[in-house]
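Keep the sequence handy as we go.

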Amino acid sequence: MTDSNPRALRLGTRRSKLAMAQSGMVAEAVRELTGRPVELVEITTYGDISREHLAQIGGTGVFVSALRDALLDGSIDFAVHSLKDLPTAQPDDLTLAAVPVREDPRDVLVARDGLAFEELPDGARVGTGSPRRMAQLNAWARSLGRRVEAVPIRGNIDTRIGYVEKGELDAVVLAAAGLSRIGRIEEATEHLSPDMVLPAPGQGALAVECAARNAQLAAQLAELDDPFTRAAVTAERSLLAALEAGCSAPVGALADLQADGQAVTEMRLRGVVGTTDGGTLVQLSTTGHVPASLGDAATPVNMGRELAAEMLAKGAAGLMGERAL
């Protein structure tokens, strides 16, 4: 086969509208980068077919393992994941080749009648399947002298927004990035400030993964990597790993890169762990220098570990044991 007709690269993706949109964006970038055609290979994961709540099925890896199996058996060449779905430990036989520029990491509210969170009535029914969101929304409502009823929901973005449109819920909370990527961000009635609701570690970022044995492809895909995004999500995921918490634990984290003029010099990492009723939150932050060589992962990793140690010292461990079912 000549190079004038190169074999198409097979990109493994989940089948949801959001996953297909995300993978389509990466496929286009890879086509431009490599000059090779890219075809999407749809793969159904356990998380897609299970009807249980994510907190019950464990969360960690349920949307990822089928894609990773396909990478290892050679039926796909690379895969695109939502980074927040990836377990924190990276397998030796797989390479996290690129973390592209991150979308907005915040959560958004989609509420009836255009309401913001602080305008919701007392006892409002707010849909989310995430213990992290439940903990922070309940704490926020308490601070206002009110309460919300967090209703566990599953399903794709259409399904979730549908609960509000049909009047079954007053509001749902979703990731801003997902709404943006499918062209529906204008339906958000409020972008939730990270001061009130910290996102999931890695939220808004994508992970492009391939088999470690495919070093040439990994090197090409690495061109899509954004070093600032990688440094930020490395710090967030290091915090999550050091708290020994999975994707379904009530942990929020966000690393902000702070520029001094043109150069990014500092990174602030914020973390939160709480009981799902919002009665107790441990919320701390730390600031560190961004390494001159952004390829040096040690600084973000250490920031995450150090902040986790401080949070554990303040009682975070006891807040994560109870899973919201």
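P131, R132, R133, M134, A135, Q136, L137, N138, A139, W140 and A141 are the buried residues of helix α5. That makes 11 of its 13 residues, so α5 is largely enclosed by the rest of the structure. Bear in mind that you're looking at a predicted model. After α5 comes G145, with a positive phi near 75°.

Now zoom out for a moment. The chain has 11 helices and 13 strands, and buried residues account for 51% of its 325 residues. Take the contacts between residues at least 6 apart in sequence: 72% of them join residues at least 24 apart.

Next, find the open sheet of 5 strands, which runs in the order β2-β1-β3-β10-β4 with mixed pairing. The edges are β2 (38–42) and β4 (94–98); each has a single partner strand, so one side of each is left without a neighbour in the sheet. On average, neighbouring strands here are turned by 35° against each other, direction ignored. Look at β1 (residues 9–13) and β2: they run parallel and are joined by 5 bridges, with L11 standing opposite L40 in β2. Packed on this sheet is helix α1 (residues 17–34), which touches β1, β2, β3 (78–82) and β10 (206–211). The direction of α1 makes about 155° with that of β2.

For a contrasting kind of pairing, go to strands β12 (residues 263–274) and β13 (residues 281–289), which pair in the antiparallel sense over 9 bridges. Here L269 stands opposite T286 in β13. The two strands form a hairpin with 6 residues between them, and G278 in the turn has a positive phi of about 75°.

Most residues other than glycine have a negative phi. D113 isn't a glycine, yet its phi is positive, at about 55°. You'll find D113 in the loop between β5 (107–111) and β6 (124–127). Is D113 buried or exposed? Its relative accessibility is 65%, and the cut-off for exposed is over 50%, so D113 counts as exposed.

Key: Residues are numbered from 1 along each chain as its sequence is written. This is a predicted model: local features need pLDDT of at least 70, side-chain atom pairs count only at pLDDT 80 or more; totals for chains, interfaces and linings use all residues. Side-chain values use heavy atoms; hydrogens and water are left out. Buried means under 20% relative accessible area, exposed over 50%, partly exposed in between (1.4 Å probe, protein chains only). Helices (H or I, at least four residues) and strands (E, at least two) are DSSP runs, numbered from the N terminus. Two strands pair if DSSP finds at least two bridges between them. Contact means heavy atoms within 4.5 Å. Axes are lines fitted to C-alpha atoms, for helices over the stretch in contact, and angles run from 0 to 180 degrees between N-to-C directions.
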